[in-house]
Amino acid sequence: EAGVAQSPRYKIIEKRQSVAFWCNPISGHATLYWYQQILGQGPKLLIQFQNNGVVDDSQLPKDRFSAERLKGVDSTLKIQPAKLEDSAVYLCASSLTGTSGRANEQFFGPGTRLTVL
Amino acid sequence: AQSVTQLDSQVPVFEEAPVELRCNYSSSVSVYLFWYVQYPNQGLQLLLKYLSGSTLVKGINGFEAEFNKSQTSFHLRKPSVHISDTAEYFCAVSNNDYKLSFGAGTTVTVRA
């Protein structure tokens, strides 16, 4: 079974530029998450989708970050314009949907390491 | 809301020695608990999870953890580590909203 795919793996941009990250979740996983992991910290949830609807985006800095999951499968996270403090690894994860405990198990992609200069 | 505290940021250990990584959580409701490992330049891989049932949970690569409800802890252990266990380890908690809250991580460095 293929895992969660992310691209690109690395990205270097200047501040005030724009950048986009792509995620393809595990087939059949209706729930998709984007996390931001700053160096030396644990991942922090930015946004959670169920199918193509947003469940929670309370931690997403909406003045510069946006995310979409138009067909309920792939997702794109965008930053426009980027700031120095956005340098981090952006992780995508997916999980099954349901009421069982297994729905809590999230599978992570390799991440995109963003450096803002 | 729940929070996770990983009590050790760095744990150096010699090869074949045991290791314990400490994790405490705070939550007012029932929780699900997880340990993830992150190797350099890779994503997070699930080591083990506690959803219900036996409080002693066995995971991959010889790791195990014990859920202690009264002490709100979920410490991770391995009786004998290998060089390949050098990585960062994250404890995480969620409840029925399926959202993971992570600790800050513990870096394990295994020396020969």
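Biologist: Where does A:R64 lie?

Modeller: A:R64 lies in the loop between β6 (53–56) and β7 (65–68) of chain A; strands are DSSP E runs of at least two residues and are numbered from the N terminus. Please note that this is a predicted model, in which local features need pLDDT of at least 70 and side-chain atom pairs count only at pLDDT 80 or more, while totals for chains, interfaces and linings use all residues. Residues are numbered from 1 along each chain as its sequence is written, chains are lettered from A and ligands numbered from 1 in the order in which they are written, and side-chain values use heavy atoms, with hydrogens and water left out.

Biologist: Is A:R64 buried or exposed?

Modeller: A:R64 has a relative accessible area of 11%, so it counts as buried. The cut-offs are under 20% for buried and over 50% for exposed, with partly exposed in between (1.4 Å probe, protein chains only).

Biologist: And which side chain makes a polar contact with the side chain of A:R64?

Modeller: That of A:D86, at 2.5 Å. A polar contact is a pair of N or O atoms within 3.5 Å; within protein, one must be able to donate a hydrogen and the other to accept it, and residues adjacent in sequence count only if both atoms are side-chain atoms.

Biologist: Which residues does A:R64 touch, not counting those up to four places away in sequence?

Modeller: A:R64 touches A:K78, A:I79, A:Q80, A:P81, A:A82, A:K83 and A:D86, where contact means heavy atoms within 4.5 Å.

Biologist: What is the peptide bond from A:Q80 to A:P81 like, cis or trans?

Modeller: The bond is cis, with omega near -5°. A:P81 belongs to the loop between β8 (75–79) and β9 (88–95) of chain A. A cis peptide bond also joins A:S7 and A:P8, with omega about -10°, and A:P8 is placed in the loop between β1 (5–7) and β2 (10–13) of chain A.

Biologist: Turning to A:R16, what is its phi?

Modeller: A:R16 has a positive phi of about 80°, although it is not a glycine. A:R16 is in the loop between β2 and β3 (19–24) of chain A, and is exposed at 63% relative accessible area. In chain B, B:N61 has a positive phi of about 60° and is not a glycine either. B:N61 sits in the loop between β7 (56–58) and β8 (64–68) of chain B and is partly exposed, at 40% relative accessibility.

Biologist: Now the interface. How many residues of chain A are in contact with chain B?

Modeller: 26 residues of chain A are in contact with 21 residues of chain B. The buried area is about 1700 Å², with 50% from carbon and sulfur atoms; this is the accessible area (1.4 Å probe) that the two parts lose on being put together, summed over both.

Biologist: How many salt bridges are found across the interface?

Modeller: There are 2, counting a side-chain nitrogen of Lys or Arg within 4 Å of a carboxyl oxygen of Asp or Glu. The side chains of A:D56 and B:K99 form a salt bridge, at 2.8 Å from N to O.

Biologist: Finally, which residues touch the most other members of the largest nonpolar core?

Modeller: Among its 28 residues, these are B:W35, B:L48, B:L76 and B:Y89. Such a core is a set of buried Ala, Val, Leu, Ile, Met, Phe, Trp, Tyr and Cys residues joined through side-chain atoms within 4.5 Å. Strand β10 (residues 87–94) of chain B gives the most to this core, 4 residues.
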